[in-house]
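This briefing goes through one chain by topic.

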Amino acid sequence: MLIWSKYYMKRCLLCDQEKPEEEFGINHAMRDGLMPYCRNCYNEKKRRLSYIDPHYAELNRKYGRAWFKEARRTILYRLGGKCVVCGFDDERALQVDHINGGGLKEMRETNHYRFCKKLLTLPEEELKQQYQLLCANHNMIKKVEKKEHPFKDGVAISRQPKRLSVK
Ligand SMILES: [Zn+2]
Ligand SMILES: [Zn+2]
């Protein structure tokens, strides 16, 4: 028998089951306002945190991956979901670009988690003043043009072949 749920269905990133939205905790930072994992999985994680458990490390890694996956999706969505130059929209090759440069400096001063948190919580207007989406190609082209990448004339300096001595 099929029972139609009046709720929106969402797939849990940990147990991979589709469940009604009420099975997910609230998380306003995320695109759909919900946690990326169901309450069951979340409680399981919390329970395993409370004592030494060989499965904990694995679960914690899974949990972290799920968080980053959902955070990335949400960040791409907040930034318009496509390359601002060419409109390319395959999320696998979209990258967050610091409009005014300074990306390397920021990454040195923060870590990936804090950086994601910042992009999730920054007010939309501020976010869009500082960051934009570029596809991998346009991101690389910008880096070469702005000399933010150790490339010269499109060739990685460190990998430049030694000049053969010509006699
Ligand atoms: Zn689950
Ligand atoms: Zn592009």
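This is a predicted model: local features need pLDDT of at least 70, side-chain atom pairs count only at pLDDT 80 or more; totals for chains, interfaces and linings use all residues.

The crossing of α2 and α4 is left-handed.

**Helix packing**
- Two packed helices are described by the angle between their axes and the distance between the axes.
- For α2 and α4 the angle is about 40°, and the axes lie 10 Å apart.
- Angles from 65 to 115 degrees count as roughly perpendicular and those under 35 as roughly parallel; at about 40°, α2 and α4 are therefore oblique to each other.
- On the α2 side, F68, A71, T74 and I75 make the contact.
- On the α4 side, the contact residues are C116, L119 and L120.
- Beyond its neighbours within four places in sequence, A71 is in contact with C116 and L120.

**Nonpolar cores**
- In soluble globular proteins, nonpolar side chains tend to be buried together.
- The largest nonpolar core of this chain has 11 residues.
- Its members are A71, I75, L79, C83, L94, C116, L119, Y131, L133, L134 and C135.
- At least two residues of this core come from each of α2 (56–78), α4 (112–121) and β6 (131–135).
- Strand β6 gives the most, with 4 residues.
- A71 and I75 of α2, and C116 and L119 of α4, take part in the helix contact and are also members of this core.
- Another core, of 6 residues, lies apart from the largest one; C12, Y37, C38 and C41 are among its residues.

**Strands β3 and β4**
- β4 spans residues 34–38 and is mostly covered, with 4 of its 5 residues buried.
- β3, residues 24–26, pairs with β4 in the antiparallel sense over 2 bridges.
- Within this pairing, I26 stands opposite L34 in β4.

**Overall make-up**
- The chain has 6 helices and 8 strands.
- Starting at the N terminus, the order of elements is β-β-β-β-α-α-β-α-α-α-β-α-β-β.
- The chain has 167 residues, of which 15% count as buried.
- Among contacts with a separation of 6 or more, 55% are between residues 24 or more positions apart.

Notes:
Residues are numbered from 1 along each chain as its sequence is written. Chains are lettered from A and ligands numbered from 1 in the order in which they are written. A nonpolar core is a set of buried Ala, Val, Leu, Ile, Met, Phe, Trp, Tyr and Cys residues joined through C-beta atoms within 7 Å. A residue is buried if 20 or more other C-beta atoms lie within 10 Å of its own, exposed if 12 or fewer, and partly exposed in between; C-beta atoms are placed from the backbone. Two residues are in contact if their C-beta atoms, placed from the backbone, lie within 7 Å. Two strands pair if DSSP finds at least two bridges between them. Axes are lines fitted to C-alpha atoms, for helices over the stretch in contact, and angles run from 0 to 180 degrees between N-to-C directions. Angles under 35 degrees count as roughly parallel, over 145 as roughly antiparallel, 65 to 115 as roughly perpendicular and the rest as oblique. A crossing is left-handed if the near helix is turned anticlockwise from the far one by less than a right angle, and right-handed if clockwise.
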